[in-house]
Amino acid sequence: MTSGDERPRRQDSTGPDSDSGLAFLMGFFALGIVVQTAAWLWGHPLAATAALGAAAAVLVALRAALRRTALGPPVRRFLRPLWALVQAGVATRFTLARTRAAASVTGRIEQWAQRPVRHETPEEPDASYTRRSLDHTLEAFEAATPTRFEEMCRELLERDGFIDAVRVGGAGDLGADVVAADGLGRRVVLQCKRHSAPLGSEAVQRFNGTARPVHGAAVPVVVALNGFTEPAAAFATRQRLHLVDRERLARWGAGQHLYQVLDIDHGPGRHT
């Protein structure tokens with residue numbers, strides 16, 4: 001009798017503890033939902049991820065605590081959509097993190113590929129003769145306006161003996177700034193870029209698209225005051241475009257013939 005009386009008493013004593021534990025878990029779960037909502041609104045990825053982890057831990061603990069009680073089945077049914085939401089949130093966070101990581105890696109690779117070719121500023125070469133009025137220094141090129149820069153390149157062609165050297169740059173020039181012809185009748189087309197940074201491959205590609213088909217260039221040349229990026233130089237090599245970078249421009253301005261600077265044969269037997 002005594003043991004029989006004690007047994008119900010023990011069962012009754014465990015009831016309030018279970019109820020209080022359930023209330024604590026439910027309150028903790030509600031707190032997790034609030035934190036998760038705030039984290040999503042705030043947009044901080046670490047806070048949102050931490051809140052998702054806390055909510056997942058609470059759901060697992062709650063499910064384990066109620067597994068063998070009468071409230072287990074209905075609570076599990078109630079928590080099933082919430083658990084699906086937590087899983088979806090975790091999957092979304094992982095997808096976002098993976099996307100950001102891929103974008104960061106891709107951006108670094110593109111930045112590395114587009115890094116400019118670094119050249120030391122060449123010393124002004126000494127002319128092999130008394131400097132003429134049509135010779136130009138690097139300082140003069142740097143001080144020139146874009147239009148004057150094109151005109152200076154035209155003057156150098158005229159100095160080198162090219163025929164009918166004309167500046168045609170301006171709106172709608174389709175990439176040609178200066179055109180001329182050499183002594184063998186080959187058409188020379190120059191694009192002149194006075195940019196503060198090395199010229200990228202996009203500008204060189206645009207010139208390649210019009211130099212031969214539109215302007216009939218036999219000798220297409222791109223002149224860039226501050227040189228070219230590595231991708232631009234590689235593209236020009238593949239497409240047989242001639243590049244005049246800062247070092248070559250200094251030599252050309254100091255008196256060397258353009259074909260000598262570009263290592264182009266003056267005779268008809270070699271391909272330009």
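Guide: One definition to start: a residue is buried when its relative accessible area is under 20%. Bear in mind that this is a predicted model.

Visitor: Fine. What share of the chain counts as buried?
Guide: 36% of the 272 residues.

Visitor: And how many helices and strands?
Guide: Nine helices and five strands. In sequence order the pattern reads α-α-α-α-α-β-β-β-α-β-α-β-α-α.

Visitor: What fraction of contacts with a separation of 6 or more links residues 24 or more positions apart?
Guide: Such pairs make up 57% of those contacts.

Visitor: On to the core. Which residues have the most contacts inside the largest one?
Guide: F149, L157, L190, V221, V223, L249 and W252. That nonpolar core has 26 residues.

Visitor: Which elements each supply at least two residues?
Guide: Helices 5, 8 and 9 do, and so do strands 2, 3 and 4. Helix 5 gives the most, with five residues.

Visitor: What does L249 touch, leaving aside neighbours within four places in sequence?
Guide: L249 is in contact with F141, F149, V223, L225 and V244.

Visitor: What about another core?
Guide: Another one lies apart from the 26-residue core. It has 17 residues, including A211, A224, F235 and L241.

Visitor: Now helix packing. At what angle do helix 5 and helix 8 pack?
Guide: About 55°, with the axes 10 Å apart. Helix 5 covers residues 146-159 and helix 8 covers 246-254. That angle makes helix 5 oblique to helix 8.

Visitor: Is the crossing left-handed or right-handed?
Guide: Left-handed for helix 5 and helix 8.

Visitor: Who makes the contact?
Guide: Helix 5 brings F149, C153, L156, L157 and R159. Helix 8 brings L249, W252, G253 and A254. By class, this contact has seven nonpolar residues, one polar and one charged.

Visitor: Switching to helix 6 and helix 7. What are the angle and axis distance there?
Guide: Helix 6, residues 201-211, packs on helix 7, residues 230-239, at about 20°. Their axes are 8 Å apart.

Visitor: Why call them roughly parallel?
Guide: Angles under 35 degrees count as roughly parallel, and theirs is about 20°. So helix 6 and helix 7 qualify. Their crossing is right-handed.

Visitor: Which residues meet, and what classes are they?
Guide: S201, V204, Q205 and N208 of helix 6 meet P231, A232, F235, A236 and Q239 of helix 7. Five are nonpolar, four are polar and none is charged.

Notes. Residues numbered from 1 in each chain as written. Predicted model: local features only at pLDDT ≥ 70, side-chain atom pairs only at ≥ 80, totals over all residues. Heavy atoms only, no water. Axes fitted to C-alpha atoms, helices over the stretch in contact; angles between N-to-C directions. Helix = DSSP H or I, 4+ residues; strand = E, 2+ residues; numbered from the N terminus. Parallel < 35°, antiparallel > 145°, perpendicular 65-115°, else oblique. Left-handed = near helix turned anticlockwise from the far one by under 90°. Contact = heavy atoms within 4.5 Å. Nonpolar A, V, L, I, M, F, W, Y, C, P; charged D, E, K, R; others polar. Core = buried A, V, L, I, M, F, W, Y, C linked by side-chain atoms within 4.5 Å. Buried < 20%, exposed > 50% of the residue type's maximum accessible area, 1.4 Å probe, protein only.
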